[in-house]
Amino acid sequence: MAIQKVMVIGAGQMGSGIAQVCAQAGLEVLLNDISEESYERGIGTITRNLSRNVEKGRMAEDEKAAVLQRFTKSLSLQDAKDVDLVIEAAVENMDIKQSIFKQLDVIAPEHAILASNTSSLPITEIAAVTNRPAQVIGMHFMNPVPVMKLVEIIRGLATSDEVYNSIEELTKKLQKVPVEVNDFPGFVANRVLMPMINEAIFTLYEGVATKEAIDEVMKLGMNHPMGPLTLADFIGLDTCLYIMETLYEGFGDSKYRPCPLLRKYVKAGWLGKKSGRGFYEYS
Ligand code: CAA
């Protein structure tokens, strides 16, 4: 079945990026959020990104208009009644995700696939609250979505091959590279990335080097585009902590213990770029 109409839940950083690449690939997109204000912020970001593509000569002005026309505002999950796919990019909280999937299971057509952009929560546990676990799958996009090529595709315990294949095909249509991953805490991306970030924070906490030095070592020594502390600020320190907690709890292994400095910053409200302060300050 060809996927033509998609609902993206959450118009934040990840949701708006996912919605943008879907619309650019020619899909009809319902961009859903709980408030009008969040929707407007999301569509504003998308419009700015598209305008930049026009300025850079990567997109014609009429193509930008055509992409924007493919969006419909949605403030209710009831709008999922005639979509082929839902991609959920709401907050990283199992109770909220399960509540959304329970509702979607009732509202969305029988053939619809329900995907989650969760960065580390078990797909199998989200699927278990629906009556269609074979049609539930993880589509983990990377931030910033319009730029990053990878989508980790996570098979839940019951995800069918047919659904996996449809999502793999769609990912290619979005000009992204799909990588198949099984459902274990943190999948692959965050199981490898977050302990590195957490270790960089320990390195700072133990006074081994300054934040600038730690970032410089990893940027110049390992050719990473951003140092790990800058990257942590970019991802959000609350998200980093949440993922470390998921790994720690999921594996019960002390090697995933979140650094106390990370906890302290999150408790202080120093969440990184989005709050104006994390390891660095942002104006
Ligand atoms: N949205 C759209 N486009 C963006 C963007 C955004 N948020 N941020 C940057 N870009 C575009 C810029 O417009 C620019 O495009 P042009 O070619 O038109 O100039 C291009 O990306 C490069 O940007 P900049 O020149 O401003 O800066 P840069 O060269 O340093 O690149 C970066 C910025 C792409 C973010 C780069 O620093 C990078 O790759 N950083 C690492 C990102 C990363 O590791 N992401 C994964 C995070 S982990 C994750 O997402 C998983 C999770 O679950 C936590």
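Before the first number, a term: buried area is the accessible area that two parts lose on being put together, summed over both and taken with a 1.4 Å probe. Please also keep in mind that this is a predicted model.

The chain has two domains: domain 1 covers 5–182, and domain 2 covers 190–273. Their centres, taken over C-alpha atoms, are 27 Å apart. In the contact, domain 1 supplies 10 residues and domain 2 supplies 5 residues.

How much area is buried between domain 1 and domain 2? The figure is about 610 Å², and carbon and sulfur atoms give 53% of that area. On the side of domain 1 that touches domain 2, the residues sort into 3 nonpolar, 6 polar and 1 charged. Between the two domains there are 0 salt bridges.

Now the ligand. Which residues come nearest to the ligand? There are 18 residues around it, and the nearest are Arg 52, Arg 58, His 140, Asn 143 and Asn 190.

Some individual distances follow. In His 140, a side-chain N or O atom is 2.8 Å from an oxygen atom of the ligand. Lys 56 places a polar side-chain atom 3.2 Å from a ligand oxygen atom. With Asn 143 the backbone is involved: one of its N or O atoms there lies 2.8 Å from a nitrogen atom of the ligand. As for cover, the ligand taken alone exposes 1000 Å², and the protein buries 63% of that.

Definitions and conventions. Residues numbered from 1 in each chain as written. Predicted model: local features only at pLDDT ≥ 70, side-chain atom pairs only at ≥ 80, totals over all residues. Heavy atoms only, no water. Domains from an automatic or database assignment. Contact = heavy atoms within 4.5 Å. Salt bridge = Lys/Arg side-chain N within 4 Å of Asp/Glu carboxyl O. Nonpolar A, V, L, I, M, F, W, Y, C, P; charged D, E, K, R; others polar. Near = heavy atom within 4 Å. Polar contact = N/O pair within 3.5 Å; in protein donor to acceptor, adjacent residues only side chain to side chain. Areas by Shrake-Rupley, 256 points an atom, 1.4 Å probe, with all protein chains shown as cover.
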